[in-house]
Amino acid sequence: MNSENARSFFITGASGFLGASIVSALRKEFPAARMELLQHRRPLPKLADVRIVSTVTIAKGATVIHAAAATHASQKVYVESNVVFTLRVVQAACAARASHFVYISTAALGADCGSYGASKAEAEKIVRESGLPFTIIRPSEIYGGASNEGISKLISLVRRFPIAPYIPRTVLAPLYADDAIQAIVRAVTLSPQNITYILAGPSVLSFREVVETIASTFGERVLLFPLPLFLSFLFATASDQVCRLKCAKNYDNSLAQEDLSFHPRSFREGLRTLSL
């Protein structure tokens with residue numbers, strides 16, 4: 001792999017919480033590297049010596065980190081953003097003979113996880129069949145940092161209100177943001193082996209256990225009530241988010257533990273970190 005001075009990164013999705021965090025971590029790890037961020041609709045992180053580009057034009061031999069994705073949208077947008085756009089980035093990476101293609105996927109993968117999960121599975125297939133040296137990362141439910149979605153939103157809800165809903169027969173593996181980002185950066189630095197890593201929290205908890213852990217950690221007394229499936233569709237901004245929550249997911253992070261020294265903190269420990 002290239003030396004640090006010659007190292008080059010092309011990153012999509014830097015306007016999102018996870019993408020922006022990856023950019024910041026890589027800039028600290030490789031301060032002399034060339035870094036290009038693809039412009040999206042939302043503002044991009046302001047960092048010294050980072051170039052903002054408006055086209056998918058990748059430098060020869062660059063490491064590509066593709067983190068851009070639609071997460072709360074219609075099936076049409078999922079296909080356009082997660083499948084068609086991934087193909088476009090892969091084609092540009094092939095033309096540039098990219099040295100490493102890192103794709104940020106999801107643990108909520110496949111048609112059983114709704115249109116979003118189906119689109120991410122199709123995008124993974126494009127990456128695997130591209131001929132590029134690749135690493136695929138499948139994070140579980142991330143919380144902490146500047147994230148304001150998913151479990152982070154649930155944490156805020158439980159801390160603000162004395163009543164909280166939970167969805168029965170649903171399990172999650174909460175993953176603290178810093179643990180996810182450190183593992184992703186570690187994966188970027190390794191020579192690509194065409195491997196898929198699952199990044200999940202160390203414990204699989206029921207949705208109710210997640211709410212109870214939040215409440216007890218912050219000293220809140222919360223009345224929990226089950227949210228029937230038909231009501232959960234009303235609360236979701238898109239019905240496929242319910243499928244995403246309830247579908248079966250693979251949370252086996254043993255390969256990441258072995259290769260990436262991935263040892264995520266417990267959910268309670270992560271919550272305590274948030275309160276510091």
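Ring pairs join Tyr143, Tyr176 and Phe267 into a cluster. Rings of Phe, Tyr and Trp (its six-membered ring) pair if their centres lie within 6.5 Å; planes under 30 degrees apart count as stacked, over 60 as edge-to-face and the rest as tilted.

The model is predicted, and local features need pLDDT of at least 70, side-chain atom pairs count only at pLDDT 80 or more, while totals for chains, interfaces and linings use all residues. Residues are numbered from 1 along each chain as its sequence is written, and side-chain values use heavy atoms, with hydrogens and water left out. The predictor's confidence in each residue is called pLDDT and runs from 0 to 100. Its mean over the chain is 90, and 93% of the residues reach 70 or more. Over residues 233-238 pLDDT stays under 50, and the model has seven contacts beyond four places in sequence for them; a contact means heavy atoms within 4.5 Å.

Four aromatic pairs are found in a search of the whole structure. In one of them, the ring centres of Tyr78 and Tyr116 are 5.7 Å apart and the planes stand at 65 degrees, so the pair is edge-to-face. Because Tyr78 lies in helix H2 (residues 75-95) and Tyr116 in helix H3 (residues 114-128), the pair ties together parts that are 38 residues apart in sequence. Helices (H or I, at least four residues) and strands (E, at least two) are DSSP runs, numbered from the N terminus. Tyr78 has a relative accessible area of 1% and is buried; Tyr116, at 7%, is buried. Buried means under 20% relative accessible area, exposed over 50%, and partly exposed in between (1.4 Å probe, protein chains only).

Tyr143 and Tyr176 also form an edge-to-face pair, with 5.6 Å from centre to centre and 65 degrees between the planes. Tyr143 belongs to strand S7 (residues 142-143) and Tyr176 to strand S10 (residues 175-176), so this pair ties together parts that are 33 residues apart in sequence. Both Tyr143 and Tyr176 are buried.

On the surface, Ile163, Leu223 and Phe225 form a nonpolar patch with about 280 Å² of accessible area together. Patches are made of residues with over 30% relative accessible area and no salt bridge; like charges are joined within 9 Å, nonpolar side chains (Val, Leu, Ile, Met, Phe, Trp, Tyr) within 5 Å. A salt bridge is a side-chain nitrogen of Lys or Arg within 4 Å of a carboxyl oxygen of Asp or Glu. Accessible areas come from the Shrake-Rupley method with a 1.4 Å probe, and for residues only the protein chains shown count as cover. Ile163 lies in strand S8 (residues 163-166) and counts as partly exposed at 44% relative accessibility.
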